[in-house]
Amino acid sequence: MARERAAPPEPFATAAWKRFGPTLITLLNVGTFFAIWQWVVASGFVSKLFLPLPTDMVASLVDLIQTGQLWTNVQYSLTNFTVGFVLSIIFGIPLGLLMGASRLVNRILGPYVWALYATPRIALVPLFILWLGFSPQAKIIIIFLSGVMPILVSSMDGVKTVDQSLLKAARVFGASKRQLYTRVVLPFTVPFIMTGVRQGIGRALIGLLVSEFFGSSKGIGYLIERAGQQMDPATMFAMLAVLVASSVGLVALMSSIEKRIAPWREEVHV
Amino acid sequence: MLLGSTVMPESLVASGGATATLPQRATVEARDLTIEYERRREKTRLVALHGFTLTVYAGEFLAVLGPSGCGKTTFINTVAGLLPPSEGTITVGGKPIEGPGPDRAMVFQEYALMPWLSAWDNVAFGLDLQGRLKQPGGRDTVQRFIELVGLRGFERSYPHELSGGMRQRVGLARALVTEPQILLMDEPFAAVDAMTREVMQGELERILAQTGQTVIFITHSIDEAITLGDRIVVISSRPGQIREIIPVPLPRPRWEYDTKAHPLFVPIREHAWGLLQKEVQGNVARGG
Ligand SMILES: Nc1ncnc2c1ncn2[C@@H]1O[C@H](COP(=O)(O)OP(=O)(O)OP(=O)(O)O)[C@@H](O)[C@H]1O
Ligand SMILES: [Mg+2]
């Protein structure tokens, strides 16, 4: 976005600063954060049982990588997550669009969707474990149910809020019923779907962890939970770091897809 | 520029009917038209137009004035084929209107541009829906109209990157490019500033001089109605009926001179003003 400013000039307006400044600031920022952390724990202010030394954390992580534990568990979680979330998208978008477009479909499916939407999904976890045991299927269903709701509801809202004047314009220019959907309703709904998918990622991640906390023998959630049981905060924090990194990565990936699919959306900076 | 015409007597200005200089072939004909809306929450029906009879002549520029809520938009939507008449008939070229058709196009007050389409794609929107974009020359036609409305260089901009006036040019081009016989315009310049509005009025007249389309143009501005119209229809407050039809015999092309300085301008303006004032007062008195 173009910005017009007369004075004062930026203090370090050199080309090098513009290029590397932001990275440098981030590095310094994060570096200071870990340095303070290290110091707080090393000096004994906080017990190592509550907060590990960042250096121990890194050591744990290296250990997890070397023993191959990290990869097997991450792979297990990632596979379940991917399958569950892809199912969320496959079911969530069309069902949401249909429910938004058709009163009949909304009548029929509405009660189930809203019941499921309103119920905390965690309450259903024991049920799926009862049915499917500690299998990947149980986890995939929990991830799917967690992720599908925001996608479905958002897609439905998108269809319901389609700008009437746009529909009117399309009709005046001779749009058939089919064209009204393909040329107006669907493109209008894309940003809503995107928002739903982004929220769905967060929910599905929660579903993933919950499904693994409840008696699992594999996965990121399992490692975190086991580290807690074993009073091993270094491993726990290492895994949390892995989780944070993957979540941030997923959300960033989503944003870049969004920019590509919906470049017309006005960027708002408040 | 000095005009040789003499001042029309007030009585002639005030009398209804088309002037002799107009082409007299009817295109849109509304006979005893009644349009009602279903009000779901109140469980009543609202009569927007009642006993509405009007003939629009081919090639004329018909300006429509009336108090807010009198049914102007309702009428233009009916002509567009978006609303079926509750009673009475409405025909285009002698055939009853059964829905939208490529012979009619509309320019909307609120632009109604697709936010996900570039200016170029928005202009091409109607042509594409009608399957005419892919025909030979289709794309050239779009480009020609983009240039006609002065949007060259902005083809790839999205609506939110355009000013209000530019958006309305896109809306205008989108309608013109389908080459309709009848152009429906619902307060198209209401949301742009006075200067832009004047420029766009001039451009519209210039474009119409080439295309010779019939225009039904809703406006809240008496000045705009006189500047653009061959006739001005004044509609009564709800339920809308024709209060009076005022011919505007100012010579064309009007972009070449200052219409406001024409000796007929002020008498027509005063006459229209008087009519509208009565309608608005009646409207307010009835609490509508
Ligand atoms: N979809 C609708 N449902 C119910 N009533 C409606 C609907 N659209 C319009 N009306 C009513 O019909 C009447 C005429 O509306 P219309 O929009 O045609 O007025 P208008 O002359 O265009 O007014 P304005 O100058 O303010 O645009 C109004 O009283 C309005 O409340
Ligand atoms: Mg209106």
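In the predicted model, an oxygen atom of ligand 1 lies 2.7 Å from an N or O atom in the side chain of Lys72(B), a polar contact being a pair of N or O atoms within 3.5 Å. An oxygen atom of ligand 1 is likewise placed 2.9 Å from a side-chain N or O atom of Arg238(B), and a backbone N or O atom of Cys70(B) is found 3.2 Å from an oxygen atom of ligand 1. Of the 630 Å² of accessible area that ligand 1 has on its own, the protein covers 65%, with areas computed by the Shrake-Rupley method and a 1.4 Å probe.

The shell around ligand 1 holds 13 residues, each with a heavy atom within 4 Å of the ligand. Among the elements of chain B, strand E2 (44-57) and helix H2 (72-80) each give two or more residues to this shell, and H2(B) gives the most, with 3 residues; helices (H or I, at least four residues) and strands (E, at least two) are DSSP runs.

On chain A, Ile25(A) lies in helix H1 (residues 15-42) and counts as partly exposed because its relative accessibility is 48%, a class that falls between buried (under 20%) and exposed (over 50%).

Residues are numbered from 1 along each chain as its sequence is written, while chains are lettered from A and ligands numbered from 1 in the order in which they are written. As the model is predicted, local features need pLDDT of at least 70 and side-chain atom pairs count only at pLDDT 80 or more, whereas totals for chains, interfaces and linings use all residues, and side-chain values use heavy atoms, with hydrogens and water left out.

Note on methods. A polar contact is a pair of N or O atoms within 3.5 Å; within protein, one must be able to donate a hydrogen and the other to accept it, and residues adjacent in sequence count only if both atoms are side-chain atoms. Buried means under 20% relative accessible area, exposed over 50%, partly exposed in between (1.4 Å probe, protein chains only).
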